[in-house]
Amino acid sequence: MAGTIAIKNGHVFDPLNEINGDKMDIFIRNGKVVTELSASELKDAKEIDASGKTVMPGGVDSHSHVAGAKVNVGRMMRPEDHYKFYQKKTPITHSGCGYSVPSVYLGGYEYSKMGYTTVFEAAVPPMEARHTHEEMRSTPMLDMGGYLVLGNNWFLMRYLKEGDMEKAAAYVAWMMKTHKTYGIKCVNPAGVENWGWGENVSALDQANIHFEVTPEDIIKGLTEINEMLGFPMPVHLHANNLGHPGCWEITRDSLKIPKPVKARPNTSVEWAETKVNPKRHESVYLTHCQFNAFGGTSWRDFESGVKGITDYVNNHEHVVMDSGCVPFGDATVMTGDGPAIHDLYVLTGHKWSNTDVECECGSGVLPFTYLKNNPVHSVQWAMGLEVLLYVDDPWKVIMTTDSPNGGPFIKYPQVIAWLMSNKARQDTFNECHKWAQDRTDLSAEAREMSLYDIATITRANSARTIGMSHSKGTLGIGADGDVAIYDIDPTKLEVSDYESIIRGFENAAYTIKEGQVVSQKGEIVAIPEKKTYYTDISTSADDEKNMLDDVKNWFKYYTIGFNNYPTPDKYLANPTPIKIDAEV
Ligand SMILES: [Zn+2]
């Protein structure tokens, strides 16, 4: 029977069900986790002996740049990336290449080999949604969705300036279903718009040119709209002043703005069984904290400012964040934050590209290499790990490299090794610039994460944060049968032998997607069906009509016709709407 499998005797790590390494069996029927299989079903089912192995739900990446226009620009800007890392076709796979920015095919295969089954694209400019969906549709192995970039949108800034929250909410709801995207992304609020005049903003109360709205207005407005509409995930925030010494303060102050906003996700979905409350209670999801946690006042006295943010997160319940770790080596910096990339270009002289997406947003791309002997890069390496280790509760953090900004996602096993093994960290301190020791507190941190912690920050919490734990990030009854089986025996694991951790997480013994083995020990063995999630919100017909009259009127400023703006269903692989009936 397709999608039916019995995984026997593995050590299961399923944090949403508080299962911590218990030896147990997992059964999947027709792609969904079930309590058991009947004797006759068992006879036909595939059976995997997972004894001496680690079993987790399939990995869920809640922030990665894998599809869309700026990712493609990254591919074009890095021909050298293609020689370094490539794969030949096999009878079932395409060929592919690209180290820091892989082709869509290779990206899907590489995630699957590491046991990941779900990845969300971190930034979709509305006008580029069709192209982003084309690339997501072509990315094999993964269920996907994308976050719509709205933090510098002209229509929204006008409504916020006028204080018209009903129309602003109607606009966000309409944009989300029009572009078939999943959640709200807010990048350098008010600043990217100023970049159109060669400026940025540097304070939360600084109004931008022309629209005269502040970062604070936008963060407050978007987080309120997010909860008025009942989105599955919190507003996903890339804070102002990214990459500048001292930026940790504005990041912490940005997190204070949504504190009074009460989370009220309102999705109508069937929830898999979980012990932990699977619904989010956070009103903001800060991304790549490391890049927004720089301390000091210049590059001379640059230091980690991570503690200032993690102290705040430890003491408040409305924030969840991902790390943006820096594992050294080649990266490609790509973001909707055009001015931040320009500053990096001025600093490094590397080639760079920049785009202004009409009335909506912008982006910048710049190839980059993090070096162990570079003082700033060494501090950034330590800072990314500090973000994850200094927050006491693993349910408040998610492990990412902001791929490919801090480094490509294929480095996740290396990051896991640093988190689990103090020896791995000390060995890297010995190899990198002394600033890593002198200007961060990481070398004094003795915490070593457990496999349970790792399962939390790589699947359970990423799924919970973005409102996907109804089916992902858990092995509870009714969940999608997505499973990763790693060749790591928790009863014999010595974390000082961190190479074995890297090896174990690099190539899953089995990656199972909806009950089907899709990759095995680094080899792709089946190409599964995939889904694309988006949030389908309906607001009142009157609000939508009034708002659309404005949009159609203003659309004369666009270079495309209104009818060509929406993304039709055919651009998506198995379009899967998450329905919300908004109460506005
Ligand atoms: Zn990002």
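In what order do the three strands of the open sheet stand, and is the pairing parallel or antiparallel? In this predicted model, the order is β15-β17-β16 and the pairing is antiparallel. Strands β15 (329–335) and β16 (353–357) are the edge strands; each has a single partner strand, so one side of each lacks a neighbour in the sheet. On average, neighbouring strands of this sheet are turned by 15° against each other, direction ignored. Helix α12, which spans residues 338–348, packs on the sheet and touches β15, β16 and β17. The direction of α12 makes about 35° with that of β17.

The pairing of β15 with β17 (residues 361–370) is antiparallel and runs over seven bridges. Within this pairing, Thr 332 has Pro 367 of β17 as its bridge partner. In general, strands of a sheet pair through backbone hydrogen bonds, in either a parallel or an antiparallel arrangement.

A zinc ion is coordinated at 2.1 Å by His 63 through NE2, His 65 through NE2 and Asp 402 through OD. Along the chain, the donors of the zinc ion follow the spacing H-x1-H-x336-D. His 63 belongs to strand β6 (residues 59–64), whereas Asp 402 is in the loop between β18 (397–398) and α14 (412–420); the pair therefore ties together parts that lie 339 residues apart in sequence. Burial was computed for both members of this pair. His 63 has a relative accessible area of 0% and is buried. Asp 402 is also buried, with a relative accessible area of 3%.

The largest nonpolar core consists of 132 residues. Trp 381, Leu 419 and Phe 505 have the most contacts inside this core. With neighbours within four places in sequence left aside, Phe 505 is in contact with Met 56, Met 114, Pro 413, Ile 416, Met 420, Leu 451, Ile 454, Tyr 486 and Ile 488.

Over residues 46–518, the chain is 36% helix and 18% strand. The end C-alpha atoms of this stretch are 13 Å apart.

How values were computed
Residues numbered from 1 in each chain as written. Predicted model: local features only at pLDDT ≥ 70, side-chain atom pairs only at ≥ 80, totals over all residues. Heavy atoms only, no water. Pairing = 2+ DSSP bridges. Helix = DSSP H or I, 4+ residues; strand = E, 2+ residues; numbered from the N terminus. Axes fitted to C-alpha atoms, helices over the stretch in contact; angles between N-to-C directions. Contact = heavy atoms within 4.5 Å. Core = buried A, V, L, I, M, F, W, Y, C linked by side-chain atoms within 4.5 Å. Buried < 20%, exposed > 50% of the residue type's maximum accessible area, 1.4 Å probe, protein only. Donors = N, O, S within 2.8 Å, 3.2 Å for Na, K, Ca; no water.
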